[in-house]
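Hello,

Please find the structure below. Notes on what was found in it come after.

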Amino acid sequence: MTRSAHSLRTRDLGYAQRVCVAKAGKLMMQTGQLAPRARVGLAVSGGVDSLVMLAVMAIRRRIVPFPVELLLLHVNPGFDPHNHAPLAELCADLGVPAHIEVTDFGPRAFSEENKKNSPCFYCAWLRRKRLFDLCARYNLSHLAFGHNADDLAATFFLNLFQNGRVDGLSGRESFFGGRLTVIRPLLLVDKPTIVRAAKAWELPVFANPCPMAGKSMRHEAETWVRTICAGGKKRGVNLHHALGRWQLGKDALPDPETAPDAAGEA
């Protein structure tokens with residue numbers, strides 16, 4: 001048994017790893033993220049969030065009481081065509097098949113081809129479109145992203161201040177008339193816990209070589225959140241809990257015990 005496979009046995013998990021697995025499992029159950037015979041594409045960029053999501057989903061696949069198939073999807077934007085090399089070995093260790101491809105999306109985002117949008121928007125749009133195409137190609141029912149509680153907070157404030165609307169990140173949302181469901185299993189897990197879990201699993205996190213790394217509007221929104229939370233130890237916890245409950249209130253499946261009775265409504 002490889003070290004990576006051994007470290008995914010639930011009885012061997014450390015505290016941060018158990019938190020990631022447990023919170024993801026609870027959110028997946030509350031929002032109905034998975035169903036029997038689901039075929040799930042895992043959008044793995046190589047960053048710490050998506051790699052922890054890969055490890056968590058490899059564990060959850062063995063826990064859920066029905067068959068689930070996983071497929072890693074990695075779309076290299078083309079700034080460094082070789083930095084994804086550790087993914088192939090990791091997927092072999094975890095028993096997860098992979099589709100890995102190198103594109104020119106990053107350089108195209110900075111070229112004359114893209115005159116109307118920011119490079120970040122254009123590159124992200126191209127990568128998301130390619131992920132959707134791959135889901136159709138492999139007949140996948142779900143596409144999972146590694147967004148976490150900090151991403152939820154940053155998105156909330158970005159939408160509030162930049163777009164003038166109250167909106168966050170859905171834990172589960174349908175696309176293309178229900179043919180594809182996007183899920184975010186780690187949406188209620190904070191970033192520090194994810195980082196500690198990644199270190200415990202010894203995941204091969206690799207750097208983002210994009211010239212705009214740390215300069216995007218999302219990064220600015222993350223700075224807003226850090227500034228707000230810097231004034232007290234409980235601010236970050238309270239912010240995550242409040243936004244998590246609010247988002248869960250929008251995404252959670254109806255409780256069959258409290259749902260209105262159809263006959264009583266008639």
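This is a predicted model: local features need pLDDT of at least 70, side-chain atom pairs count only at pLDDT 80 or more; totals for chains, interfaces and linings use all residues.

Residues are numbered from 1 along each chain as its sequence is written, and side-chain values use heavy atoms, with hydrogens and water left out.

Cores. The largest nonpolar core has 39 residues (a core is a set of buried Ala, Val, Leu, Ile, Met, Phe, Trp, Tyr and Cys residues joined through side-chain atoms within 4.5 Å; buried means under 20% relative accessible area with a 1.4 Å probe, protein chains only). Two or more residues each come from α2 (15-31), β1 (38-43), α3 (48-63), β2 (68-76), α4 (85-94) and α8 (191-201) (DSSP runs numbered from the N terminus: helices are H or I, at least four residues; strands are E, at least two). The most, nine residues, come from α3. Leaving aside neighbours within four places in sequence, Leu-54 is in contact with residues including Leu-42, Leu-72 and Leu-90 (contact means heavy atoms within 4.5 Å). A second, separate core of 18 residues includes Val-75, Phe-132, Leu-140 and Phe-145.

Helix α7 (residues 149-162). Of its 14 residues, 10 are buried, so α7 is largely enclosed by the rest of the structure. Among the buried ones are Phe-156, Phe-157 and Asn-159. Their cover includes α3, α9 (217-229) and α10 (233-251). Just after α7, Gly-164 has a positive phi of about 65 degrees.

Regards

Conventions: Buried means under 20% relative accessible area, exposed over 50%, partly exposed in between (1.4 Å probe, protein chains only).
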